[in-house]
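Subject: Structure handover

Hi,

Here is the structure I promised to pass on.

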Amino acid sequence: RLENIEALIAENKLTDAEAKIKVMLAEPPSRPTDKAYLFYTAGMFYLQRSSYDKAKKYILDAYTLEAMPEKTTLYLLQTLAGLSMQKEKFSEAVKYYKAYMERSIEPDKNIYLGLGAAYFYLKQYHNSIKVLNKAINQFEPKKSIYLMLFSSHYELKQLKSATNVLEKMIKIWTDEKRYWLQLASLYIERKKYNKSLEIMQIAMTKNYLLKERDILQYTYVLYEKNLPFKAAKVLKEAIIQGIVEKNQKNYELLSTMYQEAKERLEA
């Protein structure tokens, strides 16, 4: 009977398939295995139709019976975890992901990514770091993993580790402007002005410093490194180009830089 339903689904006769599923669900078979396969078929049907609440109910019913082969049971757990993530029920997702990992000798790599993300959204950053570090080596470079790993370290004030992650990111995604600017800001936060200056100078050659806040930050780092004349030159050029606004505050800053550089006429 289930094969007939699957054939209807394959032929896209979904209304007929659903009618037959409902008849079977009204009087489910007595054997746990048969019942589990019925619930599994119903769950997959409603999943295909994007009826996620119904899909989750029947998939959970199938899993609870513990009557299906191990491979299918693992797929049920992975699907339940994915549906929980979709509904932003992250604690529930963690429960299913962990149940999967307890049963599997070699967990699917997506389980590590899912579990790491669930921990991240729960703000359990120590756990997310632990799991994401396992996930990161199993994928081709994946931005989402690196970003969650960076943010987890940053939220825990582990600035050195956060810096290490960002350094890897700019090597992989060399044209991602925001990663360069984030790294420069992080070096400033750590008072590593030499490193920040190094990154900003590369960013400048790549034309990444195209916003007022970026130029002002670069000016600040140059000043911290006792390079006030260069800071003034960068700031003046940015004002001329219209990147930095022509206002009192910015002209006062420019004047200060020239005074520090002993360029009194310019000041």
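Start with helix α13 (residues 212-224) and helix α14 (residues 228-241): their axes come within 8 Å and cross at roughly 165°. Keep in mind that this is a predicted model. Angles over 145 degrees count as roughly antiparallel, so α13 and α14 are roughly antiparallel to each other. The crossing of α13 past α14 is left-handed.

Who makes that contact? On the α13 side it is Ile-215, Leu-216, Tyr-218, Thr-219, Leu-222 and Tyr-223. On the α14 side it is Pro-228, Lys-230, Ala-231, Val-234, Leu-235 and Ala-238. By class, the residues of this contact are 10 nonpolar, one polar and one charged.

Next, α13 and helix α11 (residues 177-189). Their axes come within 11 Å and cross at roughly 35°. Here too the crossing is left-handed, with α11 passing α13. From α11, the contact uses Lys-177, Leu-181, Ser-185 and Ile-188. From α13, it uses Asp-214, Gln-217, Tyr-220 and Val-221.

Now the pocket. The largest one has a volume of about 170 Å³. Which element gives the largest share of its lining? That is α14, with six residues. The lining consists of Met-204, Asn-207, Leu-209, Leu-210, Ile-215, Lys-230, Lys-233, Val-234, Glu-237, Ala-238, Gln-241 and Ile-243. These divide into seven nonpolar, two polar and three charged.

Best wishes

Terms used: Residues numbered from 1 in each chain as written. Predicted model: local features only at pLDDT ≥ 70, side-chain atom pairs only at ≥ 80, totals over all residues. Heavy atoms only, no water. Axes fitted to C-alpha atoms, helices over the stretch in contact; angles between N-to-C directions. Helix = DSSP H or I, 4+ residues; strand = E, 2+ residues; numbered from the N terminus. Parallel < 35°, antiparallel > 145°, perpendicular 65-115°, else oblique. Left-handed = near helix turned anticlockwise from the far one by under 90°. Contact = heavy atoms within 4.5 Å. Nonpolar A, V, L, I, M, F, W, Y, C, P; charged D, E, K, R; others polar. 1 Å grid on protein atoms, 1.4 Å probe; cavity = no way out; pocket = protein on both sides within 12 Å on 5 of 7 lines; lining within 4 Å. Points joined across faces, edges and corners; volume = space filled by probe spheres on them.
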